[in-house]
Amino acid sequence: MDSEPILIQTHFHKRRTGVTRSIENVLPFLETQIETYIYGYGIKGKKISRKKLKSLLFSDKKTVVHCHRNNEILRMLYFRVLGAKFTLVSTRHAETKPSGLTKYLLKKSDKVITLIKSMSDNLGIKNTIVGHGVNVNNFVPNPNSTLKNIPQENIILCAGRVRKTKGQTVLLEAAKVLKSHENWALVIVGKIDKPTFLEELKAITKKHQIENQVYFIDETLDIISYYQAAKIAVVPSYSEGFSLVTAEAMSCECNVLATKNVGVHSSLISNESNGYLFEAGNVSELESLLSKAMKNEIPHLGKQAREEIVANWSAKKEAKNLIKVYNS
């Protein structure tokens, strides 16, 4: 439609992160509504060259550029200094207090998007909340999925960056219950920030004599197969910008155990209705939940979890809300 803008999503980051996946989830649904391109690298999508980008930015066509990182905003502000006319939309993905530079760049944006209410309230800049969505056509359950090189039949999954704030220490202390369940494994998938932290985590597995049931896997493009193979997914983080992994695990019908009032956990999960919530840092509470889930003493709520995502947290719904921002 003539009234719709041309959309440019930027991505200048070598690693594939949660930000990368959040963009890729929503792209197919944006593309059905408006002309959409990717400017940058490290992401799947219909690319636009710098030459074509400049021709759009310096034309009379209604163009929206959506940035997700400081380096991307800086690139686009350079074009604006040269006289380009476009609407600059920036998403703040972190819940932490922004640096002075980040706040300055966000203020230079025409529209600022945040992901959750606490992030919106703490930012100190006018913004619109648009939560991430899951591509529920891709993140689907597959009960026949298995993981190669892992002999145990039953999988507990923890996906995401491996760092202190993500709570893997708490999870491994609670995972001592694995010792009495030889056919269960804990699989931790994600980029490890510091090798010393990995050694700390491995020391916990040795302390509890579960080192043969715990596997550390580097970040992977095939994360969906890990969700599909898992019966239980644990998100033990102390802090989250949004927590896309929780929504993705729910979409794949995992029984999700996540920290209460962290990121979007308490909005996604109604405790004991479509998943389970526990206090961040509470080893004994998580240990009890894991034990009950492994022994089927509490219901497996995967089907209810997927119903919640399909109804309220789909990428299709996110695309609709983003287009409202682009057109406003």
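Predicted model: local features only at pLDDT ≥ 70, side-chain atom pairs only at ≥ 80, totals over all residues.
Reader: OK, so what sheet does S10 sit in, and in what order do the strands come?
Author: S10 belongs to an open sheet of six strands in the order S9-S8-S7-S10-S11-S12, where the pairing is parallel.

Reader: Why is one side of S9 and of S12 left without a neighbour in the sheet?
Author: Strand S9 (214–217) and strand S12 (276–278) stand at the edges and have a single partner strand each, so one side of each lacks a neighbour in the sheet. From one strand to the next, the twist averages 20°.

Reader: How many bridges join S10 to S11?
Author: Four bridges join S10 to strand S11 (residues 255–259), and the two run parallel. As one example to look for in the structure, Val 235, which is also among the residues lining the second largest cavity, stands opposite Ala 258 in S11.

Reader: Which helices give two or more residues to the lining of the largest cavity?
Author: Those are helix H1 (18–31) and helix H13 (315–327), and H1 gives the most, with three residues. By class, the lining of the largest cavity divides into six nonpolar, seven polar and one charged residue.

Reader: What about the other sheet, what is its strand order?
Author: That open sheet also has six strands, in the order S2-S1-S3-S4-S5-S6, and the pairing is parallel. Strand S2 (36–41) and strand S6 (128–129) stand at the edges with a single partner strand each, so one side of each is left without a neighbour in the sheet.

Reader: How do S3 and S4 pair?
Author: Strand S3 (residues 63–67) and strand S4 (residues 87–91) pair in the parallel sense over four bridges, and within that pairing the bridge partner of Val 64 is Thr 87 in S4.

Reader: Now the helices: at what angle do H3 and H4 cross?
Author: The axes of helix H3 (residues 70–81) and helix H4 (residues 100–108) cross at roughly 45° and come within 10 Å. H3 and H4 are therefore oblique to each other, and their crossing is left-handed.

Reader: Last one, what is the volume of the second largest pocket, and how many residues line it?
Author: The second largest pocket has a volume of about 350 Å³ and is lined by 19 residues, of which Pro 143, Ser 145, Gln 228, Ala 229 and Lys 231 lie nearest its centre. Helix H8 (residues 223–229) gives the largest share of that lining, three residues, and by class the lining divides into nine nonpolar, seven polar and three charged residues.

Methods: Residues numbered from 1 in each chain as written. Heavy atoms only, no water. Pairing = 2+ DSSP bridges. Nonpolar A, V, L, I, M, F, W, Y, C, P; charged D, E, K, R; others polar. 1 Å grid on protein atoms, 1.4 Å probe; cavity = no way out; pocket = protein on both sides within 12 Å on 5 of 7 lines; lining within 4 Å. Axes fitted to C-alpha atoms, helices over the stretch in contact; angles between N-to-C directions. Parallel < 35°, antiparallel > 145°, perpendicular 65-115°, else oblique. Left-handed = near helix turned anticlockwise from the far one by under 90°. Points joined across faces, edges and corners; volume = space filled by probe spheres on them.
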